[in-house]
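Here is a short briefing for a reader new to this structure. Keep the sequence and the 3D view at hand.

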Amino acid sequence: MPQPPRRKTAKRRLGLAAKLALLPVGLAGGWIAYSRLAIDHRKPLPPALPGTREVIETEAGSVSFYASTEGEGVPLLLIHSINAAANAYEVRPLYLHYAGRRPVYAIDLPGFGFSERSDRLYTPRLMSDAIRALAAEIRRRHGTLPIDAFALSLSAEYLARTALERPQDYRSLGLISPTGFDARLSGEGPAQSTKGSGIARAIVSVPLWGRPLFDLLVSRPSMRFFLEKTWGSRDIDEGLFEYDQLSAHQPGAEHAPFSFLSGHLFPDDISRIYPRLALPVWAVHRQRGDFVDYRHLDTVADKPNWTIAVLPTGAFPHFERLGEVTRRYDAFLAALR
């Protein structure tokens, strides 16, 4: 017996609704299969910087670093930022500028570049331990001289913590686009506390979809989008973009970023640390891109040991205005002598 037109229409609608409901599942399954079968997770990774590349064993695991030691004077340690594809290429302009003028070192923080990328919880403590170990190694090689250290973005918080715990290791600190002075990332929580969520990290790191999710995050369109937000402009550094692509397609590349995305790499006590620094500090922040909220900078702005500069750039002013950054930084260092 033929079905009434209304019943046929209702069935067609139900069938269409069921297909639409399964569409996201199919797309997700397709992307998981594509990630596992078609994406190369072992791309050749050349050195990010010239000079020698070495590895030391630390409490934070195997830590890789670059060194250019032809110059003389106070050693300089450069520390890259934290993001989904972070690595030492982020400090390349500063490294190339100072190489040959003074001893220069650049670290790959744990979970990034050529450093250990094991499946573990990455925390500010882990990052600070790596910085502390390399600072000690640099001092050992250069007659125990206190060093200058430069850190980008979130890593400024790790350097500040390390310098507060081991002030004898440092002559001065340089901070580029330091985090922790805004409404969202500042914090006066208990010592060593973070903004991390164990549930969030557990969800993103499930083996079935963890690596495919990361592959989506570091796809070329996604990575370009986030770099443009960092720059506050479409005129990003293409060399950094291409190297980030290689660095993000390595075994274990997802582990540290998952701790970053779930908040475990964001200290919740940084507002107690910055004001306690007694060392000379040179900080520069930008006016374009994300994270331009520096409402709590007044907690240190009037301190005599802090020198603060502002440049009309994105978060990496050393890529856009290297000459101005180094000129101001060198003037700050000259005043220390």
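Predicted model: local features only at pLDDT ≥ 70, side-chain atom pairs only at ≥ 80, totals over all residues.

Residues are numbered from 1 along each chain as its sequence is written, and side-chain values use heavy atoms, leaving out hydrogens and water.

**Aromatic rings**

- The structure holds 17 aromatic pairs. Rings of Phe, Tyr and Trp (its six-membered ring) pair if their centres lie within 6.5 Å; planes under 30 degrees apart count as stacked, over 60 as edge-to-face and the rest as tilted.
- F181 and W306 form an edge-to-face pair, because their ring centres are 6.2 Å apart and their planes stand at 90°.
- F181 lies in the loop between β6 (170-176) and α5 (198-204), and W306 in strand β8 (residues 306-311), so the pair ties together parts that are 125 residues apart in sequence. Helices (H or I, at least four residues) and strands (E, at least two) are DSSP runs, numbered from the N terminus.
- F181 is buried, at 2% relative accessible area. W306 is buried too, at 6%. Buried means under 20% relative accessible area, exposed over 50%, partly exposed in between (1.4 Å probe, protein chains only).
- Y98, F150, W282, Y329 and F332 are linked into a cluster by ring pairs.

**Charges over rings**

- R53 lies over the face of F114, 4.0 Å from the ring centre.
- R102 has its charged end over the ring of Y98, 5.9 Å from the centre.
- A charge sits over a ring if NZ of Lys or CZ of Arg is within 6 Å of the ring centre and within 35 degrees of the ring normal.

**Helices α7 and α8**

- Residues 220-231 form helix α7 and residues 238-248 form helix α8; the two pack at an angle of about 135°, with axes 11 Å apart. Axes are lines fitted to C-alpha atoms, for helices over the stretch in contact, and angles run from 0 to 180 degrees between N-to-C directions.
- Residues of α7, including M223 and W231, meet residues of α8, including L240 and F241. Contact means heavy atoms within 4.5 Å.

- T179 lies in the loop between β6 and α5. T179 is buried, at 8% relative accessible area.
- T179 touches S153, L154, E157, L185 and Y274, not counting residues up to four places away in sequence.
- Helix α4 (residues 155-165) is mostly covered, with 9 of its 11 residues buried. E157 is one of these buried residues.
- The buried residues of α4 pack against β3 (76-79), α3 (124-141), β5 (147-152) and β6.
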